[in-house]
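Please consult it alongside the display below.

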Amino acid sequence: MSSNVDRETFDQIMVPNYAPQKMIPVKGLGSRVWDQKGNEFIDFAGGIAVNALGHCHPELTAALHHQADQLWHLSNVWTNEPALQLAQALCDKTFAEKVYFANSGAEANEAAFKLARKYAYDNFSADKHEIISCNNSFHGRTLFTVSVGGQPKYREGFEPVPAGISHVPFNDIDALEQQITDNTCAVVIEPIQGEGGITPATTKYLQAARNLCSEHNALLIFDEIQTGVGRTGKLYAYQHSQVTPDILTTAKALGGGFPIAAMLSTEKVATSFNVGSHGSTYGGNPLGCAVALKLLQIVDTPEVLEGVFHKHHQITQQIAQFNQKTELFKDIRGQGLLIGCELSEQFQGKARLFLELAQQTGLMVLVAGLNVIRLTPSLIIPENDIKEGLARFNHTMHLFNQQA
Ligand code: PLP
């Protein structure tokens, strides 16, 4: 394979907000990826929990091609059939009664936070505008979402940030109880903190948050951008706990690689986004909605969701077994195919080295912060690729142990 661009080109012409790996992938099929030089990789990264059906799934490709021959774009001056069908499917499968489409996770959250404020403004008072979020949470990179996010490094240098936002320790019921007041308009929680290190919320915490929100007329928002669309073995992670939010945001895997996001809400809350109050040119465009509808139909089946559960056990048990010899990891955690392996004390801060060494063995993995190796493979990754990928993971562990 030849090309007139390479990794050097990135440094020459791209804004330096990313530091991508040296190899440039050019082709993907299922859970295999090939780079410019024809090197083959097994993909345990899944585009950061996006490629739920791997690369170039034939039914998704067909849905995209079909829609591409029908209608690409209209704007929201007109609605379109794929958007209505997708919204219908999302309502049928969740608590939601209303759907708003966006193009990225941050945009869906931006909509959710704005809606929470508008709902409180419409129904209570302008003072009820405070948003409570958790330390270490991640909700996106717009100014509002970095402000609500619980990682100060993402808002440093971008101040002043919007007012009325506070952060409490994750999974700490007492702290939430102390912070919430009648001026709180929303509490925002990731059912599993993804970027923050693959840390699950306890069911007790989610339940307490639900109760406290109801007591104080605040909305409970679940950010399921990373946990949604089958990633944890249920279509949405909240369905494990039976704690129902008022608003849920979903993106990443929803389009399987085609950019689309959605904010789901109850009818009562949605009413506050009246005509003209919020919008997006591309939100709900027919191409993204056609792909997402097909993806939902495939993912929301017992075969795929039970497969996620089994694959979780296969992968975590095998890594735990490898780990017995090297003790590289002090914790292997997560749910479904959102798996985090936290490095032991002596290897703190070296997750990025693991990612680079994995690539040398022909394996793509991710990190979540400085200390956690994150695995978010395709929900339908074939058995052979799991086995081969785990063998490469084991090889990486040996290399890491020698070099870290
Ligand atoms: N919320 C969560 C929980 C995420 O994991 C992410 C992305 O990693 C976002 C929001 C932001 O999504 P996007 O990058 O599509 O804007």
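The points that follow are grouped by topic, after a short note on conventions.

The structure is a predicted model, in which local features need pLDDT of at least 70 and side-chain atom pairs count only at pLDDT 80 or more, while totals for chains, interfaces and linings use all residues. Residues are numbered from 1 along each chain as its sequence is written, and side-chain values use heavy atoms, with hydrogens and water left out.

**Domains**

- The chain is divided into domain 1 (7-56 + 302-403) and domain 2 (59-299), with bounds that come from an automatic or database domain assignment.
- The centres of domain 1 and domain 2, taken over C-alpha atoms, are separated by 26 Å.
- In the contacts between the domains (contact means heavy atoms within 4.5 Å), 25 residues of domain 1 meet 25 residues of domain 2.

**Histidine 57**

- Histidine 57 is placed in the loop between H2 and helix H3 (58-68); helices (H or I, at least four residues) and strands (E, at least two) are DSSP runs, numbered from the N terminus.
- With 13% relative accessibility, histidine 57 counts as buried; buried means under 20% relative accessible area, exposed over 50%, and partly exposed in between, for a 1.4 Å probe and protein chains only.
- Leaving aside residues up to four places away in sequence, histidine 57 touches Ile298 and Ile380.

**Pocket and cavity**

- On a 1 Å grid over the protein atoms alone, a cavity is a set of points where a 1.4 Å probe fits but cannot get out, and a pocket is an open set with protein on both sides within 12 Å along at least five of seven lines; lining residues have an atom within 4 Å of a point.
- Grid points are joined across faces, edges and corners, and a volume is the space filled by probe spheres set on the points.
- The second largest pocket holds about 780 Å³ of space.
- Its lining comprises 27 residues, of which Asn76, Val99, Tyr100, Phe101 and Phe273 lie nearest the centre of the second largest pocket.
- Helix H4 (81-93), strand S4 (98-102) and strand S12 (261-265) are the elements that give two or more residues to the lining of the second largest pocket.
- By residue class, the lining of the second largest pocket has 13 nonpolar, 12 polar and 2 charged residues; Ala, Val, Leu, Ile, Met, Phe, Trp, Tyr, Cys and Pro count as nonpolar, Asp, Glu, Lys and Arg as charged, and the others, Gly among them, as polar.
- A search of the whole structure finds 1 cavity of 30 Å³ or more, and the largest cavity contains about 50 Å³ of space.
- Residues lining the largest cavity include His73, Asn76, Trp78, Tyr282 and Pro286.
- The lining of the largest cavity divides into 4 nonpolar, 8 polar and no charged residues.

**Cysteines**

- A disulfide is a covalent bond between the sulfur atoms of two cysteines.
- Under the rule that a disulfide is a pair of cysteine sulfur atoms within 2.5 Å, the count comes to 0 disulfides.
- Cysteine 91 is in no disulfide, and the nearest cysteine sulfur, that of cysteine 289, is 13 Å away.
- Cysteine 91 is buried, at a relative accessible area of 19%, and cysteine 341 is buried at 0%.

**Backbone features**

- Most residues other than glycine have a negative phi, and most peptide bonds are trans.
- Glutamate 159 and proline 160 are joined by a cis peptide bond, with omega about 5 degrees; proline 160 lies in the loop between helix H6 (143-148) and strand S6 (165-168).
- Isoleucine 48 has a positive phi, near 60 degrees; isoleucine 48 is found in helix H2 (residues 46-49) and is partly exposed at 31% relative accessibility.
- Glutamine 242 has a positive phi of about 65 degrees, lies in the loop between helix H9 (238-241) and strand S11 (247-250), and is exposed with a relative accessible area of 63%.
- In helix H13 (residues 351-360), the buried residues include Ala351, Phe354 and Leu355; H13 is followed by glycine 362, whose phi is positive, near 90 degrees.

**Phenylalanine 124**

- Phenylalanine 124 sits in the loop between helix H5 (105-123) and strand S5 (130-134) and counts as partly exposed at 40% relative accessibility.
- Phenylalanine 124 and phenylalanine 322 are 198 residues apart in sequence and 56 Å apart in space, C-alpha to C-alpha.
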